[in-house]
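These are my notebook entries on one structure. I wrote down what I looked up, entry by entry.

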Amino acid sequence: MSLKEQLENLRQTSLQEIQKVVDLDALNQIRVEVLGKKGPITEVLRGMRNLSNEERPKVGAFANEIKSDLAEAIETRKAELEAKKAAAQLAHETLDVTLPGQSIKKGTPHVLTQVIDDLEDLFVGMGYQVVAGYEVEDERHNFEMLNMPANHPARDMQDTFYITNDLLMRTHMSPNEARDLENHDFKNGPIKMISPGRVYRRDTDDATHSHQFYQMEGQVIDKNITMADLKGTLEYTIHHIFGEDRDLRFRPSYFPFTEPSVEVDISCFRCDGKGCNVCKQTGWIEVLGAGMTHPNVLKAGGVDADVYGGFAFGLGIDRFAMLKYGVDDIRNFYLNDVRFLNQFTQEG
Ligand code: FA5
């Protein structure tokens with residue numbers, strides 16, 4: 001076979017291979033094999049030294065023509081394969097924006113936090129400020145400034161966890177009243193504050209008592225505040241949380257820091273007032289203590305008790321949550337059992 005025929009054969013077989021190849025790596029392999037220095041064209045051209053002077057340039061030109069034909073065929077095929085690959089990738093990555101999304105399970109605030117948030121919204125809407133305090137308190141703010149000097153029997157009403165002689169885990173949120181009185185300047189207007197937080201007592205745990213629970217304190221101090229303001233505020237709050245139909249009663253009571261003092265009870269959610277083990281057969285559950293701020297408390301806070309007066313209340317957040325949602329054991333709030341907590345998942 002002449003050199004020319006060999007070259008023509010090479011062109012035909014290489015073109016067929018180039019057309020058949022389906023991936024870019026294999027195509028590159030063909031390029032190296034066919035056009036490379038060790039490839040068949042170079043091999044055929046080596047035989048050119050045996051040709052006559054007249055034929056050599058012709059065969060050389062023919063060989064170059066074949067080389068550029070094959071190079072072109074390889075480039076064309078490469079462009080085709082690249083386009084195919086890009087199309088396949090695009091098809092694979094196509095996003096159907098009409099498909100429904102995967103819903104992500106979100107966490108939800110603890111049910112006690114939900115009750116606190118609800119109360120904060122209500123009171124902020126009435127112009128109250130939310131005040132924070134200290135879980136570790138000193139005796140002065142927890143007792144003394146609240147008209148409970150050392151050895152006052154009322155200290156026994158709230159069995160206390162002491163840290164040192166002077167420091168303790170706060171037993172109620174009322175110390176924040178004392179702190180607010182101390183720091184307030186009436187030039188800036190009256191005191192209207194609430195203060196939700198965690199408190200600690202050496203109470204024995206049962207269905208309605210916990211040794212750590214949540215309270216929210218509220219205090220209003222201004223000129224001409226009366227018991228009617230207190231009653232209206234508490235009725236409004238309780239009806240907001242429990243609905244207009246819930247029965248409530250104000251019962252005379254005693255707190256050293258208020259005079260007169262009341263406790264507020266709500267009809268039992270379990271027995272509707274008939275008497276059961278949740279309400280200890282009384283039909284009522286106590287949810288808050290309140291009263292008109294004692295002049296000694298105002299004086300201890302540096303406030304002129306002849307000019308200013310007001311009311312204060314302290315409500316049990318846990319008891320509110322129990323009554324609102326029909327939870328019959330306060331300990332459920334602290335067990336972190338997700339089956340219990342999931343019942344209070346908020347939408348949205
Ligand atoms: C007080 O703690 C007063 N500081 C409240 C107060 C503030 C009165 C301002 C007057 C003026 P008491 O000890 O009654 O009061 O507690 C208030 C509320 O906390 C109770 O009505 C009850 O709802 C809740 N509470 C009391 N002890 C517990 C307990 N061991 N577990 C759960 N909730 C409790």
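**Entry 1: the largest pocket**

I sorted the lining of the largest pocket by class and got 17 nonpolar, 13 polar and 12 charged residues. Ala, Val, Leu, Ile, Met, Phe, Trp, Tyr, Cys and Pro count as nonpolar, Asp, Glu, Lys and Arg as charged, and the others, Gly among them, as polar. I note that this is a predicted model, where local features need pLDDT of at least 70 and side-chain atom pairs count only at pLDDT 80 or more, while totals for chains, interfaces and linings use all residues. Residues are numbered from 1 along each chain as its sequence is written, and side-chain values use heavy atoms, with hydrogens and water left out.

I looked up the volume of the largest pocket, which is about 770 Å³. A pocket here is an open set of points on a 1 Å grid over the protein atoms alone, where a 1.4 Å probe fits, with protein on both sides within 12 Å along at least five of seven lines; lining residues have an atom within 4 Å of a point. Grid points are joined across faces, edges and corners, and the volume is the space filled by probe spheres set on the points.

Which residues lie nearest the centre of the largest pocket? I found Arg201, Gln215, Glu263, Glu286 and Arg319, out of 42 lining residues. Elements that each supply at least two lining residues include strand S5 (212-222), strand S7 (258-267) and helix H10 (317-325). Strand S8 (284-293) gives the most, with 7 residues. Helices (H or I, at least four residues) and strands (E, at least two) are DSSP runs, numbered from the N terminus.

**Entry 2: helix pairs**

I looked at helix H2 (residues 24-35) and helix H4 (residues 55-93), which pack at an angle of about 170° with their axes 10 Å apart. That makes H2 roughly antiparallel to H4. Axes are lines fitted to C-alpha atoms, for helices over the stretch in contact, and angles run from 0 to 180 degrees between N-to-C directions. Angles under 35 degrees count as roughly parallel, over 145 as roughly antiparallel, 65 to 115 as roughly perpendicular and the rest as oblique.

Leu24, Leu27 and Arg31 are among the H2 residues in this contact, and Leu70, Ile74 and Glu82 are among those of H4. Contact means heavy atoms within 4.5 Å. The residues of the contact of H2 with H4 are 8 nonpolar, no polar and 6 charged.

Next I took helix H5 (residues 111-125) and H10, which pack at about 100° with their axes 9 Å apart. H5 and H10 are therefore roughly perpendicular to each other. Their contact includes Val115 and Leu119 of H5 and Phe320 and Tyr325 of H10.

**Entry 3: salt bridges**

I found that the structure holds 14 salt bridges, each a side-chain nitrogen of Lys or Arg within 4 Å of a carboxyl oxygen of Asp or Glu. One joins the side chains of Arg11 and Asp69 (2.4 Å, N to O). Arg11 lies in helix H1 (residues 3-20) and Asp69 in H4, so the pair ties together parts that are 58 residues apart in sequence.

**Entry 4: backbone**

Most residues other than glycine have a negative phi, and most peptide bonds are trans. I noted Asn224, which is not a glycine but has a positive phi of about 60°. Asn224 is in the loop between S5 and helix H8 (227-242). A cis peptide bond joins Glu259 and Pro260, with omega about -5°. Pro260 is in strand S7.
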